Amino acid sequence: MRKIIYSVCAALLLAATCGEQKAQANAGEMAVFYDNVGWIAVGKAKEIGDAIIAGVKSFQNPKAYNLDGVAEWVEQNTGDGDVDCLVLFGYTPQTIYAPGNGEPEGSLVEEFIDDGNFVMNTADYIFYVTLGGGANEAPGLQNITDTTFDLWTDGNAIAPTADGKKYAPSLGNFTSNRSFKPGQIEADPAWEAEVVFGSGPLGYDPVIIYNAATGGRVGIWMQVVNDGLNRAEVALEIFNNWVPESIQPQSVDPIGKAAALWGNLKRQRAAR
């Protein structure tokens, strides 16, 4: 495997010196984690997660991972030059972010997002619940995104937006208890609401926020206790209708790509 990676790096460097202008990076792989959940039954999360794995077309090689596997996947897909997506069900794996905000900076999941990747969450408050219950609390999201966002929006009556109707036609009215607040997003210099699928008096859900400096994305859909919601259908519409239009092939410097692959290899070797 190391020889293969060395060869890839060498080939990219050679291409850069031989006049090839750009390499292209697309939406990459998808990982789904449902072994631990918050605000949703484990069986229901597995049903939804498996439906996403079976039906997603925009991301490659979708698979479900356990605690150790998801950490390995996040590390391997940080620095690989494409946009990978991690799907969570109201629980932040302790293997990618130390419980109780033990890694306020430099956690695997923060580095993953800062590398231009995408985390999408449903059910409980994103990055709030982990080993020990709500041990991360609101600072989990704040640390991982370097913001002051909070999602306290109980009873937020959501209706689909124009983009919601366009990209996720199965999204109907529902109640969200943990929505992103428009005023907080607008006040933050780094993040913007890239697409709002549902909106209510207190905030946005589903929504995907985007960091223009890093290319990172954080999204939520249906953050509320309600196992009757059509979460799988809505998620697949977002992934299959919106992602192909919005996560376009990107221009990547081949030397930078080779350096990223080499750095990723060194991190993996150092961890052994």
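Analyst: Helices (H or I, at least four residues) and strands (E, at least two) are DSSP runs, numbered from the N terminus. By that rule Glu111 belongs to helix α4, residues 108–114. The model is predicted, with local features requiring pLDDT of at least 70 and side-chain atom pairs pLDDT 80 or more, while totals for chains, interfaces and linings use all residues. Residues are numbered from 1 along each chain as its sequence is written, and side-chain values use heavy atoms, with hydrogens and water left out.

User: How many helices and strands does the protein chain have?

Analyst: The protein chain has nine helices and 13 strands.

User: Why is Glu111 called partly exposed?

Analyst: Buried means under 20% relative accessible area, exposed means over 50%, and partly exposed covers what lies in between (1.4 Å probe, protein chains only). Glu111 has 37% relative accessibility, so it is partly exposed.

User: Which residues form the patch of negative charge on the surface, and what makes a patch?

Analyst: Glu105, Glu111, Asp114, Asp115 and Asp146 form the negative patch. A patch is made of residues with over 30% relative accessible area and no salt bridge; like charges are joined within 9 Å, and nonpolar side chains (Val, Leu, Ile, Met, Phe, Trp, Tyr) within 5 Å. Lys and Arg count as positive and Asp and Glu as negative, with His and the chain ends not counted. Each charge is placed at NZ of Lys, CZ of Arg, CG of Asp or CD of Glu. The 37% of Glu111 is over the 30% limit, and so is the 44% of Asp146, which counts as partly exposed.

User: Is Glu110 buried or exposed, and which residues does it contact?

Analyst: Glu110 lies in helix α4. Its relative accessibility is 2%, so it counts as buried. Contact means heavy atoms within 4.5 Å. Apart from neighbours within four places in sequence, Glu110 touches Pro104, Glu105, Asn143, Ile144 and Asp146.

User: Why is the pair Lys46 and Asp50 called a salt bridge?

Analyst: A salt bridge is a side-chain nitrogen of Lys or Arg within 4 Å of a carboxyl oxygen of Asp or Glu. The N to O distance of Lys46 and Asp50 is 2.8 Å, so the pair meets the rule. Both residues lie in helix α2 (residues 42–55), four residues apart, about one turn of the helix. Lys46 is partly exposed at 41%, and Asp50 is partly exposed at 29%.

User: How many salt bridges does the structure hold, and what does the bridge between Asp154 and Arg178 tie together?

Analyst: The structure holds five salt bridges. Asp154 and Arg178 form one of them, with their closest N and O atoms 3.0 Å apart. Asp154 is in the loop between α5 (139–145) and β6 (156–160), and Arg178 is in the loop between β7 (174–176) and α7 (182–187), so the pair ties together parts that are 24 residues apart in sequence. Arg178 is buried because its relative accessible area is 10%.

User: How do you know that Glu194 and Arg217 form a salt bridge?

Analyst: Their closest N and O atoms are 2.7 Å apart, so they fall within the limit. Glu194 lies in strand β8 (residues 191–196) and Arg217 in strand β12 (residues 217–220), so this bridge ties together parts 23 residues apart in sequence. Glu194 is partly exposed at 25%, whereas Arg217 is buried at 6%.

User: Why is Met222 called buried, and what is its phi?

Analyst: The relative accessible area of Met222 is 1%, so the residue is buried. Its phi is near 60 degrees, a positive value in a residue other than glycine. Met222 is found in the loop between β12 and α8 (231–246).

User: What kind of peptide bond joins Asp205 and Pro206?

Analyst: The bond is cis, with omega about -5 degrees. Pro206 is in the loop between β10 (203–204) and β11 (207–211).

User: What share of the protein chain is buried, and what share of its contacts joins residues at least 24 apart?

Analyst: Of the 272 residues, 52% count as buried. Among contacts between residues at least 6 apart in sequence, 74% join residues at least 24 apart.

Definitions and conventions
Areas by Shrake-Rupley, 256 points an atom, 1.4 Å probe, with all protein chains shown as cover.
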